[in-house]
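My notes follow the structure.

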Amino acid sequence: MNELRPWLRLLAARWQRLVIGGLLIFATILAGVGLLALSGWFITATALTGLLLVAGVAAQLDIYTPGGGIRFFALARTVSRYLERVYNHDTVLRLLADVRVALFTRLALAHPGKTATKRPADWLNRLVADVDAMDTLYLQLIAPSGLALAGLLLAAFVMALVAPPLLWSLAPLTMLPMVLYLLARRTFAPSRNQGEQTEALRGRFVDALEGNGELRAAQLWSPEAIALLRDSRTLDTTRLLVEQQTAIANGVSLLAIQLASLTAMLIGLSLWQSGELSGPVALLFTLAVLGLGEAFTGLPAAFSRFGTTLGAAARLNDEGAIHTPEQAGKPAPGPGPLQLTDFIVEQNGEALIQPLSLQLPANGRLAILGRSGSGKSSLLDCLAGINHNWRGELQLSGHSAESVNIDGWRANISYLTQRTHLFNDTIAANLRMAKPDATDQDLHRILDAVALTPLLETLPDGIHSMVGEQGRTLSGGERRRLALARALLRPSGLLLLDEPFTGVDAATTRRICTAIEPWLSCRTCVFAGHAVAVLPNTGIYVNLDEYQ
Amino acid sequence: MKQRQRPALGTIRAAALAGTLAAAATIVQLGGMAWVAHQVLTGEQLPGQLLAVIILVLVAIAVRTSSVALQNRYAASASDQIRMALRRDLLDHFHRVGPVGLGQSSAGTLASEWLDQVEALHGYYAHYLPQMILSVVVPLLILVTVLWLDWLAALFLLLSAPLIPLFMALVGMGAEKLNQQHMETLGRLSGHFLDRLRGLSTLQLFDYTGPATRDIARATDEYRQVNMKTLRVAFLSSAVLEFFASIAIAVIAIYIGFGLLGYISYGPSTELTLFSGLFILLLAPEFYQPLRQLAQHYHDRATALGAAAQLRQRLNNAPEAAVVPGREVAGSSTAVVELDNVAVSFRDGRTGLEPLSLTIASPQLVAVSGPSGAGKSTLLHLIAGFLAPTSGVVRVNGELPDARPFGWLGQSPFIRQDTWAGNLRMVAPDATDQELTDALDKVGLGELIRQRPLGLDTPIQEGGAGLSGGQARRLATARLFLARYPLILMDEPTAGLDPRSEHCLLEAIRQLRDQGATIIMASHHPAVLNAADRCLTLVDGRLQDE
């Protein structure tokens, strides 16, 4: 249950909306109960009065007040139901925003390198599904169970006031919490694991499809397909188990409600016989209990998903980290000397590179060369402060990386990673991330330097054109150059460029190398690439291949 | 969707039957309760009879609740067979389409169809279809009962009956619109959120997470406002149904009350008793209940229809030049690979390969080069049997191309979420650990695996995460050593590899040839061409002279 705590806190922030929404649901239930109960009372009263009239007894019955009451409840039920749906839907959408913002804030505080190890698409799907599971926490689980309980207490209160023996009729309903608890417990593990099992199967399916040629050639596709079907079958069976348990719980809760209503009638009638209750009131309670049953119908389904919700909460709680950024110990902004002493990058506890010692003066340039997998990117990640798996000494502008808070360290660094992301926004918005106060002229200048002016001329909206999802409207080389422009635009003392010209042809690369000099010359630069030809002019080289 | 329904029909009918039984038991239960109230309150009670009716009511409740449980149980398994059959058919289809056709859709999309869209059909079979039957049968059952009690009250219900299809249409329209709007908004919202999540580390590097967070809040709120405008209208349609259900109860209650008081002297009203009055009142909400439930399940239908349309399109989409199994291969040849006047033209009119004949008589290392789009891959696909020739015959060892297992190494090798050993033993289940290590040594991965504490039992994550591209391809090559295929086809085996990985891979390929395998590689890489025994050049689908 602890898993839910942060999410309950999030809900609590909107307690006013939740209370109003809850009251609207409660009003709907009460109007339904009132409609049935009053109608039952009215029919019984008129029938008994009618009998007296036939027997020649002068009897009187006010038919206008109950008639009006019936009409009121009929209307009230419709109106409150409509308002409830509109209002609560609005609340759910607001909560969705809350959940997303809360999660994103936490993820943003976490260590940038942390998510890199997970397969991003799967992780994202999982995350979005989990977020969706959280925004129904209130409307499907908390509100219905709370209101069912409230209705029960209200009924008990009225019964205790009018005729305490009627309280016995609520006895069958007391088995509901037990049934719901058992249901939640039995379905807990399967519901909780279902999500993860689905994602595992999805991963296996994708692997099999992508390696289809190889499997088919080796005549291994059929066993793989059978294994996939078998796994999907296991998932189906798990789900069937959950639904069957829910079906039984549904039956049991219906049984409880109907037994309660029958008991209410029998007790009411015996109270009438002993003269403690009038006939119409005796039947009023029967129908009220029957009407109250509506508050219980959705509960089994909601409780069978308890495991799903809790699992989602637990996974989301694991994402991100809570750390408070400190501003102390920032390396001085502007270019500074970079110094590495016996610097080793590690991966899974093994050294990825040989110990590296070098000194780069302020405004100096260093190129790191090496084949793929030689540790270039990991080394740059360490310099950027997003990879902490290193030993030795790292200093920037005289500040040791160990003594500086990581946010302060990163604030003075601009880093073009190998797989940088372009947002589904305009070219200008993608660039201004790096420098929010950049003028349009600044943007045009930097775009010109990376040879994107010909592209801009073909776009009707110029720098205000959308780049599409992950920059889809641009070619690979254009995407790379836009990302390079963004990295250059960011004011920083240390500039890190990892394979800056992937997908850019040699002639353009040479042209860009010259054009971006003004952005390079004012800071300390470290480049990484597989050859000197694909990097801007550099003074010092480190070849990681020879180094080994 | 209709023709796929057959296996579910039994379960759907059983669910509807259980639902009908529950409704009948409900009628008996409510009638019994009304009767008991009548007997006691009017003082006509006969103790023996009273007890019998109470027992009847109890039995009815038992039948009703167990029927409801049964209905849900049947519903849960309604789509079981359908989903399994669909998944199997889809896998068969993927197999028929072959690697060439599959390459046209992203694996993620196909996975979503195979898992999520197939799953989306469940609600339609489990809830919507049985409820559809029940929303006709149950009101009819109640109407007949009320007709027997008081035809005027039945008339009230009947009068609202023609409105029911209208309600359903209204509800349907509302639900569809609601569903569509909801899905669209969620889709766009998720898109925005997903985009920011994907780029999270970029945002962090640029110190831009604060503005991005505000942006998420703003976008979500904007979509909420737009969405709510439509929802306010869409919810009205279900409010109408709710309204009529409430009003019907109110009208019937007041009519019965007045009738019982003797204010209405017309028709059957004079014969109303507490029993019949109460019974009718209790039945009135049940008359509308199935419809209200149908409205709740309406979105199941919309979702399922969308999914079904997508799946139908997938299954009907005949693959380009699909492989036709079991075709006769005339002639007997001992050549490893023999292409006899083979040509390929694609459906869109493009010519893949001009008629060409080619014989590879004995084991050797063959390189196929040529500019991109010249037909190198098409040629490999033909020999692999992934693609059927438009004309001509392909023979491998005198048989159909895929009659026997052979080796295939594409750019993205198949790596399973398993250990290193598991990934290697896929093709050679009986190989010893020593043989596995030897194979890894041949591709230069032996050292890597010896360094790991778990050795061959080191797990590889799904999608080969934790392996570089070069390592994954070398692992797949190690498999070729273990399987000892007589024929190995490779499509750009060295693309995107650094020189050292490339050298390692070429060395391994030469060793494979020395072991007596025929290897055909499509590549334009000079190092690969230098290593080959024989070079074929393709230009515009035509084989140049060697």
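This is a predicted model: local features need pLDDT of at least 70, side-chain atom pairs count only at pLDDT 80 or more; totals for chains, interfaces and linings use all residues.

**Salt bridges**

I started with Arg17(A) and Asp90(A), whose side chains meet in a salt bridge at 3.1 Å, N to O. For the term I used a side-chain nitrogen of Lys or Arg within 4 Å of a carboxyl oxygen of Asp or Glu. Arg17(A) sits in helix α2 (residues 15–54) of chain A and Asp90(A) in helix α3 (residues 64–109) of chain A, so the bridge ties together parts 73 residues apart in sequence. Helices here are DSSP runs of H or I with at least four residues, strands are E runs of at least two, and both are numbered from the N terminus.

Residues are numbered from 1 along each chain as its sequence is written, chains are lettered from A and ligands numbered from 1 in the order written, and side-chain values use heavy atoms, leaving out hydrogens and water.

Are Arg17(A) and Asp90(A) buried or exposed? I found both of them buried (under 20% relative accessible area; exposed is over 50%, partly exposed in between, with a 1.4 Å probe and protein chains only). Arg17(A) has another contact: it lies over the face of Tyr87(A), 4.2 Å from the ring centre. That label needs NZ of Lys or CZ of Arg within 6 Å of the ring centre and within 35 degrees of the ring normal.

Next I checked Asp440(A) with Arg432(A), a salt bridge of 2.6 Å, N to O. Asp440(A) is partly exposed at 34% relative accessible area, and Arg432(A) is partly exposed at 22%.

In chain B I looked at Arg314(B) and Glu113(B), bridged at 2.8 Å, N to O. Arg314(B) is in helix α10 (residues 274–316) of chain B and Glu113(B) in helix α4 (residues 107–120) of chain B, so this pair joins parts 201 residues apart in sequence. Arg314(B) counts as buried at 17%, and Glu113(B) is buried at 3%.

I also noted one network of salt bridges with shared partners: Arg233(A), Asp236(A), Arg239(A), Glu243(A), Asp80(B), Arg83(B), Arg87(B) and Glu119(B). How many salt bridges are there over all chains? I get 41.

**Rings**

Arg87(B) came up again, lying over the face of Trp114(B) at 5.7 Å from the ring centre. Trp114(B) also forms one aromatic cluster with Phe205(A) and Phe94(B). Rings of Phe, Tyr and Trp (its six-membered ring) pair if their centres lie within 6.5 Å; planes under 30 degrees apart are stacked, over 60 edge-to-face, and the rest tilted.

The count is 12 aromatic pairs over all chains. Phe156(B) is partly exposed at 33%, while Tyr255(B) is buried at 7%.

**Cysteines and confidence**

Cys513(A) is buried at 12%.

Chain A averages a pLDDT of 84, with 93% of residues scoring at least 70; pLDDT is the predictor's confidence in each residue, from 0 to 100.
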